[in-house]
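Let's take a friendly walk through this protein together. Have a look at the picture, and then we will go through it piece by piece.

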Amino acid sequence: MHRTVAGLAPAVPGYRRLLVRPRPGGGLTHARAGLATPYGRAAAGWKRDGEQLTLVVVVPSNTTAAVHLPSDPDEAIEVGAGRHVFHCGSGQAAGGSAIMTSSTQV
């Protein structure tokens, strides 16, 4: 469930690079997942409010992540260690742009 609904998975073995690709739908309004990696805790969580989706991604030190938002699932946003908050369309409707509202680097 953490890989599919919350969208948190390793991009390479050992979690040195993460892949975050949440898949909202099925009547769910929110999901969260966290994992203990060799580099620290990684987490991803999203909340849908109508057609607006807020995604929070926590990337541990010495790790990077490719974040794919539901509003543009083919485009990856590369982030480093820290806490990152994104706002975008929920992916239920076509189009929409993403906004990263905060990013705290570690």
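**A sheet and a pocket**

Leu18 stands opposite Ala65 in S6. Strands here are DSSP runs (E, at least two residues), numbered from the N terminus. This is a predicted model, where local features need pLDDT of at least 70 and side-chain atom pairs count only at pLDDT 80 or more, while totals for chains, interfaces and linings use all residues. Residues are numbered from 1 along each chain as its sequence is written, and side-chain values use heavy atoms, with hydrogens and water left out.

Strands of a sheet pair through backbone hydrogen bonds, either parallel or antiparallel. Strand S2 (residues 17-20) and strand S6 (residues 64-68) pair in the parallel sense over four bridges; two strands count as paired if DSSP finds at least two bridges between them. Both belong to an open sheet of four strands in the order S1-S2-S6-S7, with mixed pairing. At its edges are strand S1 (8-10) and strand S7 (76-79), each pairing on one side only.

Now to the largest pocket (an open set of points on a 1 Å grid, where a 1.4 Å probe fits, with protein on both sides within 12 Å along at least five of seven lines; lining residues have an atom within 4 Å of a point). Among the lining residues are His30, Trp46 and Val58.
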